[in-house]
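The sequence and structure are shown first.

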Amino acid sequence: MQHEIYTQSQSTTVDARLRSYMQKVYNFMAGGLCVTALAAWLVANTSLISLFFNVSPQGISLSGLGWLAFIAPLIMVFAFNWVVRTGTSKQVQLLFWSYAALMGIGLTPIFLLYTQTSLVRVFLITAGAFGGLSLYGYTTKRDLTGFGSFLYMGLIGLVIALIVNLFLQSSGLDWALSIIGVGLFSGLTAYDSQKIRQIYASADDDETLVKKALLGALNLYLDFINLFLYLLRFLGDRR
């Protein structure tokens with residue numbers, strides 16, 4: 001009887017720590033989205049825009065500093081795993097918030113290309129879809145590992161096709177790739193949510209849990225951003 005009570009108590013403690021860990025993941029992700037949105041809004045609505053972009057009636061192009069801000073997140077996302085393994089949780093947090101801010105600078109043109117009303121509408125649609133997909137990934141008993149491998153292969157194919165279409169400039173292919181992008185990042189949201197739960201270990205110390213939470217938050221953050229951008233192609237109203 002005492003053993004049964006101890007087991008139930010231990011299970012309750014694990015569940016509480018798992019909930020706390022998952023709460024950290026979603027809080028970090030939500031914070032990253034807020035930093036990105038704030039950075040994009042500030043650059044779009046202040047004189048900072050001239051530092052990163054050349055805006056003219058012919059269109060929007062990157063300045064020298066803009067190219068740096070555009071390339072830096074690509075480097076940082078590859079460095080993230082290394083910092084998680086070798087750095088402290090504070091260093092990982094600094095990298096995460098810096099990444100979110102630089103992403104916001106890179107996303108500034110959407111504030112110039114789309115109406116504010118449609119940006120808010122698509123954001124809310126994305127948030128609803130993301131929440132449902134993430135909840136499914138977190139609660140489902142089905143193992144999504146094989147599904148995830150298929151999605152990542154599809155993601156590589158999508159990137160290659162997008163590069164090819166930079167030269168072809170095919171509107172039909174662009175439309176098809178947008179549909180594929182929505183499907184891929186919808187699936188990745190569910191897959192990553194399950195994976196984030198699976199890498200949790202009750203024996204982890206607080207430092208390790210924070211680093212794991214930040215790594216999971218980055219994955220979900222990227223899923224959300226990409227899902228939002230692909231949905232914006234369909235549902236956004238251009239100025």
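The model is a predicted one, in which local features need pLDDT of at least 70, side-chain atom pairs count only at pLDDT 80 or more, and totals for chains, interfaces and linings use all residues. Residues are numbered from 1 along each chain as its sequence is written, and side-chain values use heavy atoms, with hydrogens and water left out.

**Confidence**

The predictor's confidence in each residue is given as pLDDT, from 0 to 100. The protein averages a pLDDT of 88, and 94% of the residues score at least 70. Among the elements, helix α4 (residues 89–106) has the highest mean pLDDT, 95, and α1 has the lowest, 79. Over residues 4–11, pLDDT stays under 50. For residues 4–11 the model also has zero contacts beyond four places in sequence, a contact being heavy atoms within 4.5 Å. Where pLDDT is low, the predicted coordinates should not be read in detail.

**Overall fold**

Helices (H or I, at least four residues) and strands (E, at least two) are DSSP runs, numbered from the N terminus. The protein has nine helices and two strands, which follow the pattern α-α-β-β-α-α-α-α-α-α-α along the sequence. Its C-alpha atoms fill a box of roughly 75 × 35 × 30 Å, taken along the principal axes. Among contacts between residues at least 6 apart in sequence, 81% join residues at least 24 apart.

A residue is termed buried under 20% relative accessible area, exposed over 50%, and partly exposed in between (1.4 Å probe, protein chains only). Of the 239 residues of the protein, 39% count as buried.

**The second largest pocket**

Grid points are joined across faces, edges and corners, and a volume is the space filled by probe spheres set on the points.

About 350 Å³ of space lies in the second largest pocket. It is lined by 15 residues, of which Ala 37, Phe 111, Leu 119, Phe 123 and Phe 228 are the closest to its centre. Two or more lining residues come from each of α1 (2–45), α5 (109–113), α6 (116–139) and α9 (206–235). The most, five residues, are given by α1. The lining divides into 13 nonpolar, two polar and no charged residues; here Ala, Val, Leu, Ile, Met, Phe, Trp, Tyr, Cys and Pro count as nonpolar, Asp, Glu, Lys and Arg as charged, and the others, Gly among them, as polar.

Phe 228 lies in helix α9 and counts as buried because its relative accessibility is 10%. Leaving aside residues up to four places away in sequence, Phe 228 touches Ile 110, Leu 119, Val 122, Phe 123 and Thr 126.

**Residues in loops**

Thr 108 is placed in the loop between α4 and α5. With 0% relative accessibility, Thr 108 is therefore buried. Beyond its neighbours within four places in sequence, Thr 108 is in contact with Ala 40, Val 43, Ala 44, Ile 49 and Phe 53.

Ser 63 sits in the loop between β2 (59–62) and α3 (64–86). Its relative accessibility is 12%, so Ser 63 counts as buried. With the same exclusion of sequence neighbours within four places, Ser 63 is in contact with Leu 51, Phe 52, Phe 53 and Asn 54.

Gln 169 belongs to the loop between α7 and α8 (171–198) and is exposed, with a relative accessible area of 60%. Most residues other than glycine have a negative phi. Gln 169, although not a glycine, has a positive phi of about 55 degrees.

Gly 146 is exposed because its relative accessible area is 54%, whereas Thr 145, at 37%, is partly exposed. Leaving aside neighbours within four places in sequence, Thr 145 is in contact with Tyr 191 and Gln 194.

The table lists C-alpha separations for three residue pairs.

| Pair | Separation in sequence | C-alpha separation |
|---|---|---|
| Phe 228 and Phe 130 | 98 residues | 9.4 Å |
| Gly 146 and Tyr 191 | 45 residues | 9.6 Å |
| Thr 145 and Asp 192 | 47 residues | 9.6 Å |

Terms used
1 Å grid on protein atoms, 1.4 Å probe; cavity = no way out; pocket = protein on both sides within 12 Å on 5 of 7 lines; lining within 4 Å.
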